[in-house]
Amino acid sequence: MASTFTGTQVYQNDFDPKIYLDTYYGAENGVFIKDKYLEFILRKLHAAFTTGGVKGNSLIDIGPGPAIYQELSACEAFDEITAADFTDRNREYLERWRRGEPGLFDWTPALKFVCDLEGHSGKLAEKEEKLRKTLKRVVKCDVTKSNPLDPLVLPKVDCVLTVGCLECACKDEEAYGNVIRNLSSLLKVGGHLIIGSIMGSTIFRCGSKQFSLINLNSTFLKKVMTETGFIIEDLEVLSRDYDKAMFDICNHTSGIFILARKIKDV
Ligand SMILES: C[S@@+](CC[C@H](N)C(=O)[O-])C[C@H]1O[C@@H](n2cnc3c(N)ncnc32)[C@H](O)[C@@H]1O
């Protein structure tokens, strides 16, 4: 399925946070629930932030959209998290979540899954509170800029985390390499870059709107990480079974998790 690149302005105009969360993370029929991608990412993040030894003072979560699941383990390993996304509506949605407004997406299953992994079953409210305290700010970001947080300049951080964003933000492989360099500029040498992504896809739908995806594969991702000054500490691929109705919404064939350490500036 061919697709024309949908850049940042399309996200700003057409990306609906509520429809997105319901479509992809809805408890019954969410795309990433049915293909087990959410569980895969939560399990890998838990491992990275515990046995994987990824910890420190500061972490930036790039392109969270309206989602917080990817920060549930990170908030135990970092003193402060900055969430950085392009669209106004996504940042507003996250600010509403930080304020504890009622009527937002219900993350209970993800909270329960992570609390169980951590051996704190039942402590869902405490976990939510911990993340609310650790998520210090929500800022604008464009990963295609050499300083993605421009005009904000932050001290370099110990970890950059990005799940489900770069495949949306990059129009081709060359752009992807540049984006990894831009994200590396936010990171201390010795710090970690964590990428969760879907692969083999060209489009995803959010309600009546369609967005483009760069068709990624693990060979390219390994190469680009090495060429941009990282060593890969963990990489795992989750393949996806075919299901026509689900593939019509998003046509990825697998998911990938990469934990990489920055060894030099490039
Ligand atoms: C499919 S959503 C992913 C949301 C969430 N991370 C998840 O795992 O479900 C893609 C996100 O990438 C963001 N995005 C797209 N292009 C971007 C860019 N150039 N810079 C920063 N964020 C971008 C969008 O605003 C959107 O929130």
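Analyst: This is a predicted model, in which local features need pLDDT of at least 70, side-chain atom pairs count only at pLDDT 80 or more, and totals for chains, interfaces and linings use all residues. Residues are numbered from 1 along each chain as its sequence is written.

User: At what angle do helix 7 and helix 8 pack, and how far apart are their axes?

Analyst: Helix 7 (residues 108-117) and helix 8 (residues 124-134) pack at about 95°, with axes 9 Å apart. Axes are lines fitted to C-alpha atoms, for helices over the stretch in contact, and angles run from 0 to 180 degrees between N-to-C directions.

User: Why is helix 7 called roughly perpendicular to helix 8?

Analyst: The angle is about 95°, and 65 to 115 degrees counts as roughly perpendicular (under 35 is roughly parallel, over 145 roughly antiparallel, the rest oblique). Therefore helix 7 is roughly perpendicular to helix 8.

User: Which residues in helix 7 and helix 8 meet?

Analyst: T108, L111, K112, V114 and C115 in helix 7 meet L124, K127 and E128 in helix 8. Contact requires C-beta atoms, placed from the backbone, within 7 Å.

User: Which residues are closest to the ligand?

Analyst: The closest are G63, G65, F86, G164 and A169, and 21 residues surround the ligand; near means a C-beta atom, placed from the backbone, within 6 Å.

Note on methods: Helix = DSSP H or I, 4+ residues; strand = E, 2+ residues; numbered from the N terminus. Contact = placed C-beta atoms within 7 Å.
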